[in-house]
Amino acid sequence: MREFSGDHRFLSINTATLRKQADLVGIIDACARAEIPAISPWRDQVAAVGLDRAARAVKDAGLALSGYCRGGMFSADPERLAEARDDNRRALDEAVTLGAPCLVLVVGGLPQFSRPGSRPSRDIAAARAMVEDGIGALLDYARGAQMPLAIEPLHPVYAADRACVNTLAHALDLCDRLDPDRRGGLGIALDVYHVWWDPELSAQIARAGADRLLAYHVCDWLVPTRDLLNDRGMMGDGVIALRQIRSEVEAAGYQGFVEVEIFSEDWWGQPMNQVLETCIARYRSVV
Ligand code: ZN
């Protein structure tokens, strides 16, 4: 297991962690000043400053990327599937322009939430089938662009509105069906917030192996959790066995960045440098 106490050379900051403090260029500057080597930006933050300016700022700051957030939301009314496809292709093209190592996929839940305006449905099995079709179609395009796709399973509380792929096993089953020969270009983003509770977690991490583990996201699970979306904890403030999970991820062969992704009204209310200093300190001491 890699030693993290002496420096933070494998730390990445998911830029949603600082979305209320600054725009993307400001976040890039702050990360560069803190000698944080990588970020993972969100599409809306890139769009707000412009794709070319964002790509230039990343390059000028000498930052690497640990992912691009996000594609997905594949489930939609049939007449809107083309819209979902085109939107995902744009996301993938942006990831290429930015030099991301993968496009993270939040796959979508029921169509009316995944693509608002779609007709109400209670058929989660149908949504899951659309997700599988959507990823399969995008995979061909992604391989052409040499941009890997990282399916991020989300905690089951988000099954209706954000992602109906909710366990690592489910995500890896999709990978195995869509990429049976392990040609590459398809894997998972493991976010501890979503999967820490899963009794199959250790076995599924081992099953994934290095070629399917494309990204590793950390934060913590607070008890009580006051908001299902925006009350994630700083590493060390909650109940997730971060060291244990990282040891398993690394034993499976993962050697990439550890990306801090915290959606939190509390942390959005703190000065940006203080948040980054805390991320660095916790990365060294508890991640
Ligand atoms: Zn994540």
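Donors here are N, O and S atoms within 2.8 Å of the metal (3.2 Å for Na, K and Ca); water is not among the atoms, so sites may look incomplete. This is a predicted model, where local features need pLDDT of at least 70 and side-chain atom pairs count only at pLDDT 80 or more, while totals for chains, interfaces and linings use all residues. Numbering runs from 1 along each chain as its sequence is written, and side-chain values use heavy atoms, with hydrogens and water left out.

**Stop 1: the zinc ion.** Select Glu-152 (OE), Asp-191 (OD), His-217 (ND1) and Glu-261 (OE): these are its protein donors, lying 2.0 to 2.2 Å away. Along the sequence the donor residues follow the spacing E-x38-D-x25-H-x43-E. Now check burial (buried means under 20% relative accessible area, with a 1.4 Å probe and protein chains only). Glu-152 counts as buried at 3% relative accessibility, and His-217 does too, at 0%.

**Stop 2: the nonpolar core.** Next, pick Ile-135, Leu-149, Ile-151 and Leu-190, which touch the most other members of the largest nonpolar core, a set of 85 residues. Such a core joins buried Ala, Val, Leu, Ile, Met, Phe, Trp, Tyr and Cys residues through side-chain atoms within 4.5 Å. Apart from it lies another core of 10 residues, including Trp-42 and Trp-268.

**Stop 3: H4.** Finally, select residues 81-98, helix H4 (helices are DSSP runs of H or I, at least four residues, numbered from the N terminus). Among its buried residues are Ala-84, Asn-88 and Ala-91.

Conventions:
Helices (H or I, at least four residues) and strands (E, at least two) are DSSP runs, numbered from the N terminus. The expected span of a helix is 1.5 Å times one less than its number of residues. Buried means under 20% relative accessible area, exposed over 50%, partly exposed in between (1.4 Å probe, protein chains only).
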